[in-house]
Amino acid sequence: MAANKKLLILPGDGIGVEVMDEVRRVIDWMGKKRRVSFDIAEDKVGGAAIDAHGTPLTDEAMAKAQGVDAVLFGAVGGPKWDNLPFAQKPERGLLRLRKEMELFANLRPAIVFDALVDASTLKPEVVKGLDIMILRELTGGVYFGTPRGIETLPDGQRRGINTQVYTTNEIRRVAAVAFELARKRNNKVCSAEKANVMESGVLWREEVTRLHQESYQDVELSHMYADNCAMQLLRNPRQFDVIVTDNLFGDILSDEAAMLTGSLGMLPSASLGAADSSGRRKALYEPVHGSAPDIAGKGLANPVAALMSFAMALRYSFDMAEDADLVENAVKATLDKGIRTGDIAGPGTTDKVGTRGMGEAVLGQLTALAG
Ligand code: NAD
């Protein structure tokens, strides 16, 4: 039996709880059928933690998150907590995790499954087979740079100020993640910035190039202005493998890439921190969607985004590429059979199921594929 791998599950609120139940079942399946043993802790986050402890994330839960190999996060929020002051809202739990774990690299894959190719607003021949990764720098840039604020000028006009700022280390550490990711994929990195009009973009391009020359010459590197990248994502998205970009451009490009694929219920994500001396990175995996109060408690949520987030944890935190492939292929096989939750039901649906039905179907395919 391989050494235990430490996981913290934070289901959160609304459909976060429902989809994480299905992840739990896949983890149990892995333990039984793949001889992989996980040490699993669970805690509350978001509204659930506010109700139980008066805070969206206790210090105890934070300490647990720091000590595990991977955090699996569901979703937080809901109308019950909407009127709390900003500093006490459920989302603060997630922000605290990201900040204190120093999760600077946000990975958002955009994958188009053949069975769902019609869910994209783009033509099937443009998106069929798409599998790209947007890597967004998450803790620097214009969202955090100073000076910032709104000031009143002597003539009575007001002026809003934000500062785009990046240091060598901030650029190099996220670029290193991009190159390492590419090595586990199709070995291509495209770095996007605005070096034509921004000094921070010039520095970004120089530092990415320097790191590439020093340590990653085996990976194919290209550079693109971020506005062109936005166009190319719509024109020919399959030209990309890994796109690495800053916080602001990444915010926009990752949402654009997500919509190439269709539904929110299908989109996983990961956020990674710095590597320690053993090469282990702090990591949090979460579906892109929120707690979906409109369908929460009804057993209708699509668990695929959460399951695919778990597959990312297997791949990036546990170096279990074969098991990650297995989970992804089980999802693919389930969709190929026409089994769909309501959010992705459409032409080709043979069996419309709820959260549990989808989880069951994926488990069935896992068993079939694992032989
Ligand atoms: P949402 O992602 O929760 O829902 C948007 C729409 O997509 C809804 O109609 C919902 O039913 C549908 N949807 C989302 N995930 C789905 C799934 N897995 N299966 C089927 N349908 C799905 O976004 P929202 O409505 O803007 O926000 C609801 C709450 O979630 C708010 O409190 C918000 O602050 C919070 N939120 C949390 C996170 C997070 O925890 N990371 C992210 C976004 C929003």
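Biologist: How do the residues lining the largest pocket divide into nonpolar, polar and charged?

Modeller: Here Ala, Val, Leu, Ile, Met, Phe, Trp, Tyr, Cys and Pro count as nonpolar, Asp, Glu, Lys and Arg as charged, and the others, Gly among them, as polar. In this predicted model, the lining has nine nonpolar, four polar and nine charged residues. Local features require pLDDT of at least 70, side-chain atom pairs pLDDT 80 or more, while totals for chains, interfaces and linings use all residues. Numbering runs from 1 along each chain as its sequence is written, and side-chain values use heavy atoms, without hydrogens or water.

Biologist: Which residues lie nearest the centre of that pocket?

Modeller: A pocket is an open set of points on a 1 Å grid over the protein atoms alone, where a 1.4 Å probe fits, with protein on both sides within 12 Å along at least five of seven lines; lining residues have an atom within 4 Å of a point. Of the 22 lining residues, L95, R96, R98, K99 and F144 are nearest the centre. Helix α4, a DSSP run (H or I, at least four residues), contributes the most, seven residues.

Biologist: How do the residues of the shell around the ligand divide?

Modeller: That shell has ten nonpolar, seven polar and four charged residues.

Key:
Helices (H or I, at least four residues) and strands (E, at least two) are DSSP runs, numbered from the N terminus.
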